[in-house]
Amino acid sequence: MQVSRYSAPEFDPYGDQRPVEGDGGWHAPVASAPLSAHLSLPGSKSLTNRELVLAALADGPSVLHAPLWSRDSDLMVEGLRQLGTRFERIPGTGGFGDDLRVIPADELLGSTTIDCGLAGTVMRFLPPVAALALGPTTFDGDEAAYRRPMRGVIDGLRGVGVDLDDDGRGTLPFTVHGFGRVEGGELAIDASASSQFVSGLLLSAPRFERGLDLTHSGERLPSLPHIEMTIDALARRGVAVEQPAVGRWRIAPGPIAARDVDIEPDLSNAAPFLVGALVAGGSVTISGWPADTTQVGAQLADLLTRFGARVDRDADRLTVHAPPVAESGGRGIRGADLDLSEAGELVPNLVALAAFADGPSEFTGIGHIRHHETDRLAALAAELNGLGGRVTELEDGLRIEPAPLHGGEWKAYADHRMATTGAIVGLAVEGVVVDDIGSTSKTLPQFTALWEQMLG
Ligand SMILES: O=C(O)C1=C[C@@H](OP(=O)(O)O)[C@@H](O)[C@H](O)C1
Ligand SMILES: C=C(OP(=O)(O)O)C(=O)O
């Protein structure tokens, strides 16, 4: 059995909500009645980890209200702390742990090794920060992290004058030799494997001596909303990002403003619960849904409609209702053909939904999710087909044909979204056992507690 490596460095924000792990795996509960759940969710991983980096590079202290406390955010805090950033926990208002005051270092210092775990945001956002520090910083991570592409970061930093040691494979581990300054200037990188290459460079770019004029040289650029999120977070701290052409971003050197910021709930982590409403029947309401956001999870409102859901908004609540039961007695979920290149992180949970539709679905534009926590296209096909499903891998996507499913082991591959996908399947199929539900601590340590709350 594969169990994700995790020990919180100095915090224990989870209390008794730590996810259940054990040799026997987690027996996914079956929904015995239609759902009628109201839930609140912890903060967004993508917003928390951007704001942590920007706060650490800012011109004064910032407070993050209702940040995410999870493995990925702990790793980001710990990495920034090792470079000299100071953190103070202050009593929280969000219901999921403390708020956090971030006090930038007078001078960033390297001579350390940073553990990136399996966090894409840590491995792609922190090397440019380490380049601004004085002294060498080695970046390492989980075994699975060695398979995640880092070429855009390695070549990108070299291209703006940073000295870096690596073994030529274009992955972790590697060492950034920081000299306390980065020249910056014009740079072209291929970000078709991950938008995080672009986001990571943009976040530190205002501190580069010549700023940054960055061009994406590859054919495709995935996860555009995440780049928009980076640009928006910079703008709110007084940094203008010019976009003179598609795939080109320009940032002038200058200060990053200190700022107190409210972190929105993680809308991508709303996906398993909202999809759960369609699979189990009934409805699920998420409160704290922002009216205006850069989070890609906001697309769930439209995406789930494509599968037949009815979606209501009432003030800050979003409710997803299952479609009416079909004449055949089926769930009434429709199949959908979707280009999900913008929303790769939603794919695993949507594949579970498509498996219960009354017709086939095809998801395309998602070749890059082979480089997420695991090869998600291969993992989704293997796990669903292992339970009797009919999923075919395409070069850049998946075709999902509904088929009767049976129980069995569901492997998470240390991937939080594979784990939650197994939980969704288990809502409707007796005997699904997720081998590593603890992997949900990557972004949602409260997953099992919230899942039980959803089931009433
Ligand atoms: O910048 C971010 O916060 C993220 C960007 C996306 O990465 P990719 O562009 O590698 O898909 C997304 O899938 C990931 O979950 C979070
Ligand atoms: C791809 C994901 O994570 P990461 O930030 O590690 O890339 C994800 O959360 O789906």
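Modeller: Let's start with G120, which counts as buried because it has 28 C-beta neighbours inside 10 Å, and 20 or more is what it takes. Keep in mind that this is a predicted model. G120 sits in helix α3, which covers residues 120-131. Setting aside residues up to four places away in sequence, G120 touches R148, S194 and Q196.

Apart from neighbours within four places in sequence, R148 is in contact with G120, M123, T171 and H371.

Now for the ligand itself. G120 is one of the residues surrounding ligand 2, along with A119, T121, E345, H372, E373, R417 and T443. Sorted by class, that shell comes out as one nonpolar, four polar and three charged residues. Where does ligand 2 lie relative to domain 1 and domain 2? It lies between them, because both domain 1 (16-41 + 265-455) and domain 2 (45-262) give residues to its shell.

As for those two domains, their C-alpha centres are 29 Å apart. Their contact takes 18 residues from domain 1 and 24 residues from domain 2. On the domain 1 side, the residues touching domain 2 are four nonpolar, ten polar and four charged.

R417 is another shell residue worth a stop. You'll find R417 in helix α11, residues 416-428. With 32 other C-beta atoms within 10 Å, R417 is buried. Leaving out neighbours within four places in sequence, R417 is in contact with E345, P348 and N349, and E345 also belongs to the shell around ligand 2. If you want a bearing on the end of the numbering, R417 and L455 are 38 residues apart in sequence and 19 Å apart in space, going C-alpha to C-alpha.

What does UniProt have to say? Its unreviewed entry carries a "binding site" annotation covering K45, G120, R148, Q196, R376, R417 and K442.

Definitions and conventions:
Residues numbered from 1 in each chain as written. Chains lettered and ligands numbered in written order. Predicted model: local features only at pLDDT ≥ 70, side-chain atom pairs only at ≥ 80, totals over all residues. Near = placed C-beta within 6 Å. Nonpolar A, V, L, I, M, F, W, Y, C, P; charged D, E, K, R; others polar. Domains from an automatic or database assignment. Helix = DSSP H or I, 4+ residues; strand = E, 2+ residues; numbered from the N terminus. Buried ≥ 20, exposed ≤ 12 C-beta atoms within 10 Å, placed from the backbone. Contact = placed C-beta atoms within 7 Å. UniProt positions renumbered as here; feature names shortened; annotations may be inferred.
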